[in-house]
Each structure stands twice: as C-alpha cells, then as structure tokens.
Amino acid sequence: MAEWTEKEWGPLRDMVFRLCAAPGTPGDEEEAAKAVEKEVRRCLPGAQIQRDTLGNLLVYFGDRQAPRQVLLDAHMDQIGMIVTRVEDSGFLRLAPCGGVDRRVLPGSVVTVHGKEPAYGIVCCKPPHLSNGDADKVPAVDQMFIDLGQDAETVKQNVSPGDRITLGEGPRALLGSRITAAGLDNRAGVAALLRCAELLQGKTLSCGGILLFSSREETGCEGAATGSFQARPTEAVVVDVTFATQPGVAAHQGGKLGGGVMIGASSTLNRRMTQRLRDLAKEKEIPSQVEVMGGRTDTNADAIGVSREGVPTALLSIPLRYMHTPVEVIDLEDLEGVARLLAAYVLEGGENRG
C-alpha cells in the first residue's frame, strides 16, 4: 500500500483509540462490548447483534441461509489485574488477569475500576534502598498499588474483585504508528470493524458472523462457546503477534509495517492459509508468513475444534511490547488485515479438506 496521509488513516486511528479507551479485562468485558457495539452500528447498520451469557458479542450479516457461513473472530478482552485486598494502610494488593508483563509494572500508572475509576501507581522501591536488588522484579501478587489516598477513602471506593487496567491512554507516534495498552486485541477488533466498513454496499453470496469474543487471555472460553453457537462453516481469527525489535529476531516475529501476518500451522486449515496468501498477492496487500509448529495460542485453537470441527485460518497484526502499557502497532498493517478479510469474505470459496 502507498504511504498514507493523515486524512486517510486518521479515522482508523480514532476508532482504535475509542476501542482502547474502554476497559475490558477477562470476564469483565461489558464496557468494551458497549464500545464495540457502538462501532458495529456505525459500520454495519441493520446487522443483527446478539450478546451471550459469556459476554461475547455476535454480529450477523449477509445471507444467513447460504451454505457458506464465514466467522471472523477477534477477542475484545485485554490483560490487566484484579484487586485482592485493601490493606489498612490504604495500599492495594493485586493479582494478574492474563499474562501481564510484571517487569514493566513497578512505577507505572494504572486505573482501578472501583465505584469510580481512580488512577494509581504500582509501588516501587527507590533504587537507593534496593540493597543490590534493583534488578529483581517481585511477582504481581507481591506488589502494591498506591492511590494517593487515606485508607478510609480508598475503602469507600475500592473493593476486592475490582479490576485494574494499565496505561495512561492511547498516543499517536510518528506516521501511521500508535501506542496504547490493550492493542492486544483491540487492534484485531478494529480490523473486523474496518472489514465491515469495506463490505458495506456489497452483495454477499455468503453469511457473515463477527465474533467479538471474551476471555481469550484466560483460556479462549468465549471463542469456544461463541463459535459453537454461531455454527460457521469456516472461520478466520484475527489477533496480534510479535513484531521485530531489539531482542526479537526476524525468525521470532514479523516486521512492523511489513504487512499482514498469515499464520501457517498444523492446527490451521492449509487450503484457507494458501487462499489467503493468494488473495494477498492478487490484491497487492503486503503480507508476511508466520510459521508455528503446533498450537497457535490464539482463539483459532478453540474454534477449530468447535462442534464437528471448523476449518480455521489465522491473520495477525505485528505488535511490539506485548502485554505492557505501551503496545505499538502500525495502522497500515491493520488496514491490510481488514482488506484481506474483506477479499476473503467476497472471494474465499470452498475450503474443506
């Protein structure tokens, strides 16, 4: 794709920022689901929208009676933490919700979602008092959060079980790159929504199902139940994957800004994978191949074995600094995923076998 201008990628960036602003840790995706539903009503006016008991959001469009029913999945939950105790001192004890990178937590800003959201700081010992232990990072359940308030005030607003999200909000970087907590996987959610925009006004010979799934970060439960309910004939999962950076070699990730990562794995449908590669070439959509020897550790693993089995493929967006408050993507990669998804829905064809 040619280099974007502000006018071209600004609306996509703004949508990603709106999605990232809504909290949604595993099992508590209500605010995230509301934000996604609002975007769905803009991108796919008239589509049928359902919520299920596990917090999934399912969107149906196209020809629901057609033999081909294509599921597009992206999980909407984000890693975070949960309050386990309010100490008499007013400091909070916590535990992880998903695989939060504890190395970057000390000294970072968080939001505690009590009766009212409150900013806090993950406590860190001054280096002057570290006694040679400055490089040691405690387990998350050994950390504390300081809300800057006395214990009585804290206890009026915060209770055990309240959720904690990371970061201070999304930021634009140079060009088409952005940073935010929760880009894993609000970037994937945005790709599905952008695909829906591209399909507006198109006559579809198939049915489409958007599954914005819950609880991926704690075991892919939402994808398992959502795909069971949706009964697709095939599925494409969208998630993020590692991008190259200092310490991450080329064989360990994709190039940021290098295009869509098309997954190849023993657990993915080979015909679908090849069709996606062919479509990317035909449509001149920059792409890269991500080879995995076994499980993908994404919702594709759960959806592929739903009911009697669902032919499944995986597209990923390269992302730096995964599971931290400062995840980074390139919007051109996200746009490429959306374009490839739209082409696949329109031209994917038969993939069984």
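Modeller: This is a predicted model. In helix 6, the residues M272, T273, L276, L279 and A280 are buried.

Biologist: What makes the buried residues of helix 6 line one face?

Modeller: Seen down the axis of helix 6, the buried residues fall within an arc of 125°, so they line one face of the helix. An α-helix has 3.6 residues a turn, so residues three or four places apart point the same way. The face turned away from the buried side of helix 6 carries R270 and K281, which are exposed.

Biologist: Against what do the buried residues of helix 6 pack?

Modeller: They pack against strand 13, strand 14, strand 15, strand 16 and helix 8.

Biologist: How do you know that the span of helix 6 agrees with its 13 residues?

Modeller: At 1.5 Å a residue, helix 6 (residues 270-282) should span 18 Å, and its end C-alpha atoms are 18 Å apart, so the two values agree.

Biologist: Which strands make up the open sheet, and in what order?

Modeller: The open sheet has eight strands in the order 1-2-12-3-13-16-14-15, and their pairing is mixed.

Biologist: Why do strand 1 and strand 15 count as edges?

Modeller: Strand 1 (48-51) and strand 15 (287-291) each have a single partner strand, so one side of each is left without a neighbour in the sheet. From one strand to the next, the twist averages 25°.

Biologist: What joins strand 13 to strand 16?

Modeller: Eight bridges join strand 13 (residues 234-242) to strand 16 (residues 312-319), and the two strands run parallel. Two bridges are enough for strands to count as a pair, so strand 13 and strand 16, with eight, are paired. F242 stands opposite L319 in strand 16. Helix 8 (residues 331-347) packs on the sheet and touches strand 3, strand 13, strand 14 (260-264) and strand 16. The direction of helix 8 makes about 165° with that of strand 16.

Biologist: How many disulfides does the structure hold?

Modeller: The structure holds zero disulfides. For C20, the nearest cysteine sulfur is that of C43, 15 Å away. A disulfide needs two cysteine sulfur atoms within 2.5 Å, so C20 is in none.

Biologist: Why are C20 and C97 called buried?

Modeller: Buried means under 20% relative accessible area. C20 has 11% relative accessibility, so C20 counts as buried. C97 has 10%, so C97 counts as buried.

Technical notes:
Residues are numbered from 1 along each chain as its sequence is written. This is a predicted model: local features need pLDDT of at least 70, side-chain atom pairs count only at pLDDT 80 or more; totals for chains, interfaces and linings use all residues. Side-chain values use heavy atoms; hydrogens and water are left out. Helices (H or I, at least four residues) and strands (E, at least two) are DSSP runs, numbered from the N terminus. Axes are lines fitted to C-alpha atoms, for helices over the stretch in contact, and angles run from 0 to 180 degrees between N-to-C directions. Contact means heavy atoms within 4.5 Å. Buried means under 20% relative accessible area, exposed over 50%, partly exposed in between (1.4 Å probe, protein chains only). The expected span of a helix is 1.5 Å times one less than its number of residues. The arc is that of the directions from the helix axis to the C-beta atoms.
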